[in-house]
Structures are given as structure tokens and as C-alpha cells.
2 protein chains.
Amino acid sequence: MNTSLSVECLFSRQAARVGASEIRELLKLIGSGDIISFAGGVPEPSLFPYDRINLACDRVLGDPEVRAKACQYTTTEGFPPLREWIAAYLSSRGAVLTADNVLITNGAQQAIDLVARLFIDEGDRVAVAKPTYLGALQAFDAYRPDYLAIKTDDQGMLPGELEAAMKMRPKLIYVVPDFQNPDGITYSSDRRQFLVKLADEYGVPILEDSAYDQLRYEGDMLSPLIALGSQAHGSIEEGCYIHAGTFSKTVAPGFRIGWVVAPKPVIQQLVCFKQATDLHSSTINQILMYHVVSEGFTQHLDRCRALYRGRRDAMLEALAENMPPGVTWSRPLGGLFVWLALPEPLNARDLFNQSISKHIAFVPGDAFFTDRSVRNTCRLSFSAISTEQIQEGVRRLATAVKELISR
Amino acid sequence: MNTSLSVECLFSRQAARVGASEIRELLKLIGSGDIISFAGGVPEPSLFPYDRINLACDRVLGDPEVRAKACQYTTTEGFPPLREWIAAYLSSRGAVLTADNVLITNGAQQAIDLVARLFIDEGDRVAVAKPTYLGALQAFDAYRPDYLAIKTDDQGMLPGELEAAMKMRPKLIYVVPDFQNPDGITYSSDRRQFLVKLADEYGVPILEDSAYDQLRYEGDMLSPLIALGSQAHGSIEEGCYIHAGTFSKTVAPGFRIGWVVAPKPVIQQLVCFKQATDLHSSTINQILMYHVVSEGFTQHLDRCRALYRGRRDAMLEALAENMPPGVTWSRPLGGLFVWLALPEPLNARDLFNQSISKHIAFVPGDAFFTDRSVRNTCRLSFSAISTEQIQEGVRRLATAVKELISR
């Protein structure tokens with residue numbers, strides 16, 4: 001075995017399907033110089049609750065018993081008070097569950113991976129929105145499914161298309177009901193009810209990804225699918241509603257603490273997988289996170305929402321001021337992204353190249369489609385740059401669009 | 001879908017192979033009351049370097065730039081200075097590599113899982129020692145291999161059996177060269193050289209698990225396989241030697257920081273898998289770990305070795321004093337475990353039941369064999385209990401053995 005090529009011959013079939021995320025590769029650009037980046041979906045670091053984190057560290061490391069526990073191995077399921085906190089939070093949102101239904105994961109990404117592991121064999125069908133979160137597609141890809149990509153409007157998946165997909169008996173349907181990454185759409189109450197009803201009728205497990213749902217900038221929060229589903233049955237144990245969440249967008253992603261909520265038989269098997277994968281999530285980070293969120297979390301969220309709302313508004317205004325006719329964009333009620341559509345036949349990859357020369361980065365939208373068929377969309381994140389940068393960045397981006405049109 | 005049973009019908013084929021670890025289930029016993037537990041392989045919490053951890057927290061959280069970075073997303077590959085530190089450490093042990101060959105993982109467990117994902121398709125062969133680390137078997141099981149279980153003596157895998165296994169062209173050979181979990185054996189220099197030579201000859205990737213190698217209580221450290229392999233070729237890029245390590249046994253497991261070292265094409269694909277799995281390991285924990293190990297680590301290791309050596313000696317003495325004739329045990333040069341063999345036809349599961357009534361726990365050895373064929377062995381950990389508890393525990397265990405013999 002003398003060349004790297006021969007090593008690659010030994011790789012599993014998974015390796016053929018799972019490549020590097022373009023977003024992660026693009027993220028590497030952010031570090032380089034004075035680029036204004038609309039790429040990535042990273043939270044604003046000045047919002048991280050450093051005072052609470054400091055206080056939590058002092059409490060944990062200052063107590064001989066707690067610090068010994070925090071630095072040691074723990075059970076795969078996770079730190080019980082944090083599981084209780086998550087169960088209580090979801091109960092307050094209307095879900096019918098207990099802490100036994102909660103498994104702590106390394107962010108929502110690991111929740112998605114573990115659920116994919118549990119349901120998907122090669123050739124199984126997975127239903128997703130068109131477009132959908134790239135990281136979920138990457139997680140699913142490892143298990144080599146066939147995709148059913150369901151068209152959406154600004155209320156969520158189209159009912160006719162959804163029912164047609166359900167009739168194909170997917171093993172899993174993956175949904176981001178609030179401010180979906182990448183296109184920012186939010187599912188209406190009716191569409192949520194319809195989703196839950198259909199999943200039940202056809203016996204298809206729903207994986208709900210709630211990464212952004214607490215970052216709502218206007219209107220009332222809607223019930224998560226886990227609430228609608230568990231209420232309909234009186235318990236989370238009937239039906240198969242699975243819910244993934246994370247503290248990455250609301251507290252800080254560097255701790256890698258998320259969760260998955262599911263009926264107990266599902267949690268039990270996910271625990272086995274997580275054991276085999278990495279034993280458990282960081283003990284100390286789970287305990288710190290519990291301390292951080294258990295006091296003053298609502299006020300912290302209000303601060304986050306106020307800042308992001310301002311940036312969203314700045315981006316929407318700048319787009320309205322600068323973009324030439326024919327360019328359209330979403331008006332998200334929350335989350336971190338605006339979704340831009342170029343007039344056909346413009347290609348977002350060409351715009352990307354044009355923009356980079358103006359020190360502007362964003363994510364071309366084709367990566368979010370299972371078949372990469374849509375070429376004219378762009379994901380713009382407004383979360384981690386100042387309103388001044390947003391204004392300047394959108395101006396330059398609009399110039400790049402105009403140049404592309406005039407070519 | 002009205003019962004949990006029907007949900008289970010939807011589970012993937014992986015779910016059928018991956019069950020809960022008996023060790024993890026047994027670990028739950030530790031919490032309960034006054035059991036003296038020789039189960040688990042957890043480090044002694046009084047050895048965790050709290051002063052260094054505190055100092056590291058102060059540095060990281062006290063610096064506005066560093067804390068913003070520590071709480072944010074990072075690249076999948078990991079914190080560059082920590083990757084450099086690991087590369088420098090392995091260079092000092094004789095390996096020929098750079099930081100580009102290092103990927104930070106959630107403990108060595110995730111390194112094993114990612115490598116298994118990379119090489120194993122259903123029905124592929126994986127060669128392991130007989131017995132071997134249960135957690136590795138659990139990680140491998142998810143990918144549904146067939147096992148080639150290779151007999152060992154106190155020098156490592158038997159050369160004839162090893163060569164016969166290599167001729168079966170396994171996709172991977174998994175080796176714990178130092179103080180192997182569960183039986184504590186250490187591979188001799190000759191056996192290491194032979195392993196590396198054979199792997200090269202037959203084109204079989206080696207996964208070396210070095211979880212315990214720094215915890216040596218007597219004699220000189222031997223070269224890791226990654227050093228022998230990369231020296232033979234002048235570079236890690238030739239051949240396929242993969243090395244997994246962790247700070248779980250030497251610093252603290254609660255941070256979940258380990259690593260995998262491999263040729264670049266292997267690392268690149270492992271990075272893609274890790275991205276899909278959980279994006280990256282905790283940023284703050286990587287930075288903290290770097291600060292903890294970059295000063296005074298050698299002295300810290302000396303402290304760990306001194307304490308564990310004393311406990312190992314106490315256990316060996318207590319066994320010699322108390323065990324009836326016919327019982328044999330290993331004399332490990334390092335690590336956390338003594339491996340006990342009962343006279344046939346005694347069964348370790350029976351002893352387990354007998355011992356629990358005396359408030360003594362250990363791990364019956366059959367779980368460490370791919371075919372569970374060996375029934376008379378027990379893994380005894382001496383790492384996290386005082387010498388007094390070791391003496392008392394071994395006394396009670398010996399009583400249980402005698403009762404079992406006399407039945």
C-alpha cells in the first residue's frame with residue numbers, strides 16, 4: 001500500500017456520498033482579511049452571555065463535588081437537570097413529555113445524524129423540503145437514502161406534494177418549521193396540523209428541527225410539531241414525533257450542546273448509538289449550560305431578538321434600496337437568513353465569483369437542493385455583521401448583480 | 001402508528017446490531033449506595049488538574065477576543081494550536097507527521113467510530129484482539145462487519161494467528177498496544193514491528209488505540225505503531241497507520257477531547273464524516289485543553305502514574321493474599337485494569353451475581369470477546385477507588401469466589 005490512492009480504494013460506500021460542506025469551506029474565507037460575509041449562519045459573538053458563563057464556571061469549578069462530577073464521565077443520556085430543563089421548556093410550549101424523552105447531543109447536528117442512523121437504510125426514502133438545511137442532507141447522505149423533495153410556498157410544504165410524498169412511505173420526514181435554513185420560511189398553523197395528521201395517518205416519523213424557533217422577531221410563536229403531535233395523542237409515546245433543538249443559536253455554539261426528544265423506545269436506541277459514537281456529550285458543558293439557561297434566559301433571548309431584528313431590517317431595507325428589478329427576496333419573521341432569487345437565467349455561482357472580487361461572500365443556494373437543480377438563489381445571513389457592514393455589503397452585492405445582468 | 005412496537009419496525013439494520021453497553025449499564029450501579037466498584041474504567045477525580053483548568057478558564061474567558069472565539073463555531077479539523085501540540089507530542093514519540101494529519105474528536109471513542117465509518121461496509125472483515133475493548137466492538141458493530149478475533153499472549157497478538165488473519169484481507173485491524181483494555185497486555189517491540197510489517201505487506205490499515213499508553217508504571221515506553229509505520233516509510237503519508245488518542249485518561253474525560261492521526265486523504269474524509277456527524281468538537285474545550293496540557297503536563301502525568309501504580313500494587317497484593325488456588329490474574333505494566341481468570345467451569349456472570357450481594361461490582365469478561373465464548377474472566381479496575389477499598393473489595397470478591405467454588 002504505497003500511495004494514498006490505494007488507501008482510498010479501501011473506503012466504505014459512505015465515503016462516496018459524504019463530501020465536505022461548501023458552507024464550511026466558505027466559512028474558512030471569513031477569516032481571510034476584510035471580506036464582508038453573508039455566508040455561514042453563525043451567531044453574533046457579542047451576544048454570548050459571558051457574564052453568565054463566567055458565573056457558571058465559578059460555581060462549577062468552585063465546588064469540589066460539582067467539579068469532580070463535571071470533569072468525569074457521565075451517562076450517555078446526559079446531565080439530569082439539563083434534561084429536566086429541556087422537558088420543562090417543551091412542556092411550556094405545549095408538548096406532553098418527561099425528561100426520560102430527552103437525550104443530550106452535540107448540537108442539533110448530532111441529533112439529526114443519530115435519528116438518520118436509526119431510520120435510514122440504503123435506498124430508503126427521506127422526505128425533505130425543497131430547499132432544506134444542507135447539514136441535514138449531509139447527515140442523511142451517509143446512510144444513502146433516496147430523497148423526496150417537497151416544494152414549499154411561504155406557508156410551508158405544499159399539501160398536495162406532501163401527501164403524494166407520504167404515499168411513497170418515506171422512513172422519515174425532516175422539517176424545519178420556523179425560519180427554515182436556508183429560505184427563512186415559517187410553517188403556518190394549518191400546515192403544521194396537516195403535517196402531523198398525515199405523518200400519523202401514513203405512519204411516518206417526523207424529525208422536527210427547531211434550531212431557530214426562539215429567534216422570532218415579530219408575531220406570536222407557533223406550536224412546535226412535537227406539541228401538536230403529543231397533544232393529539234395525549235402523550236409523546238404514541239405516534240412518532242421527534243424534535244431536535246440546540247443552544248447553539250441562543251447561547252453559544254462552541255459548547256456543542258443540543259438535544260433530541262422522542263418516544264422512549266426511540267430514545268433508548270439513540271442512546272445506544274450515541275454510546276457507540278462518542279459515549280456522551282461533554283459533562284462540564286452540560287452542567288455549565290444548565291447554569292447559564294436556568295436564570296435570566298428570557299431577558300437574554302430578548303436581547304438577541306432585538307439585535308437580530310435590527311440587522312434583518314437593515315438587510316431588507318438595503319436590498320429594497322439597492323437591488324435592480326427582477327431580484328426578489330424573502331422577508332423572514334425570524335432566524336438568521338434572507339433568501340435571494342436572481343432573475344433567470346442568472347446563476348448564483350457566477351454571482352459568487354463576481355462578489356468575491358468585491359470582498360463579499362454568501363452561499364449559492366443550489367447546495368440546499370437535493371438535486372442541485374435550482375441555480376439562481378443565494379442565502380444571505382445577517383446575524384454576525386453590523387448594520388453598516390450589511391448596508392455596504394448589500395450595496396456591493398447589488399453592484400455585482402447589475403454587472404452580471406449587463407454582461 | 002399507535003404503539004412503540006410499530007416504531008421499532010421502522011428501525012434501520014444498524015439498530016439490530018447496536019445495543020446498550022453492559023459496562024455503561026453497570027456504571028449506573030456505581031451511583032447506588034456503598035458498592036465498591038471494580039467496574040468502569042473511570043479516572044480518579046482527585047487527579048483532575050483543577051488548578052490548571054481554573055487558570056485556563058480565567059485566561060480564555062478573561063480575554064475578549066479569545067472568549068468570542070471559544071464560544072463560536074470553529075472548523076471541523078479543530079483548534080490549530082491543539083493540533084500542533086498533538087503533532088509535536090507524537091513527533092517526540094518518533095512519528096513523522098504534521099498538524100495537518102490531526103483531527104480533534106470527542107474522545108478516542110469518536111475517532112474509532114469515524115474510522116469504522118470510513119472503512120467498514122456490511123460483511124467486511126475487521127481484525128481485533130481476543131479479547132478487546134468493548135467500546136470499539138460497539139462502534140464497529142454499527143457498520144456490521146465480520147470479525148477476525150486474534151488470540152494473544154502476554155506479548156500481543158500471536159504471530160501465526162495474526163498472519164492468518166491478514167491473509168483474510170480485513171479492511172481494518174484494531175490494536176491497543178499498551179495496557180490493553182480489558183486484559184492489560186502490552187505488545188512487545190518485536191510484535192509491534194511484526195504488526196507494522198504485515199499490515200504493510202497485506203495493505204491492511206491499522207487503527208492503533210493509545211488511550212492508556214502514557215499511564216505506564218514501570219519499564220520504558222515503547223514506540224507507538226504510528227511511529228514505527230511512519231518511520232519505515234519516512235512519512236505518515238505512505239502506508240495506512242491510523243492512531244487514536246485521548247485526554248480522557250490523562251486530563252479529564254468530561255471535556256470529551258481526543259484525536260485521530262492519519263494520512264491526509266484519510267483525515268480529509270474523516271473531516272467530512274465529522275462535519276456530517278456533529279460539525280466539530282467543543283471549541284471552548286479544545287482551547288481549555290490546549291492551555292491545560294501546554295504547561296506542567298509531564299509533572300501532572302507523574303502524579304497520575306504514582307497514584308495509579310500504588311493502586312495497582314495494592315490490588316495485586318490483595319489478590320495474592322486472598323484468592324484461592326486456581327484463580328489467575330494479569331500483572332499490567334500500566335493502564336487501569338487487572339484481568340482475572342476463574343478456574344473452569346466457573347462462570348463470571350455467576351460470580352457477578354454472588355458479588356453484587358456483597359456490594360462488589362466488576363465487569364464479566366465475556367462482553368470483550370466478539371463471540372462471547374470465554375465465560376470465566378473478569379475485568380477489575382483499580383483506578384478510581386482507594387487502596388483501602390481495593391483491599392476490602394478484593395477480600396469480599398475472594399469470599400464470593402470461594403463460595404462459588406464450594407457450591
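Predicted model: local features only at pLDDT ≥ 70, side-chain atom pairs only at ≥ 80, totals over all residues.
Which side chains meet in a salt bridge with N to O at 3.9 Å? They are those of A:Arg59 and A:Glu295, where a salt bridge is a side-chain nitrogen of Lys or Arg within 4 Å of a carboxyl oxygen of Asp or Glu.

Residues are numbered from 1 along each chain as its sequence is written, chains are lettered from A and ligands numbered from 1 in the order in which they are written, and side-chain values use heavy atoms, with hydrogens and water left out.

Back to the pair: A:Arg59 lies in helix 4 of chain A and A:Glu295 in the loop between helix 13 and helix 14, so this contact ties together parts that are 236 residues apart in sequence; helices here are DSSP runs of H or I of at least four residues, strands are runs of E of at least two, and both are numbered from the N terminus.

A:Glu295 also forms a salt bridge with A:Arg52, with the closest N and O atoms 3.8 Å apart. A:Glu295 counts as partly exposed at 43% relative accessibility, and so does A:Arg59 at 39%, given that buried means under 20% relative accessible area, exposed over 50% and partly exposed in between, with a 1.4 Å probe and protein chains only.

Elsewhere, A:Arg191 and A:Asp153 meet at 2.8 Å, N to O; A:Arg191 is buried at 14%, whereas A:Asp153 is partly exposed at 28%.
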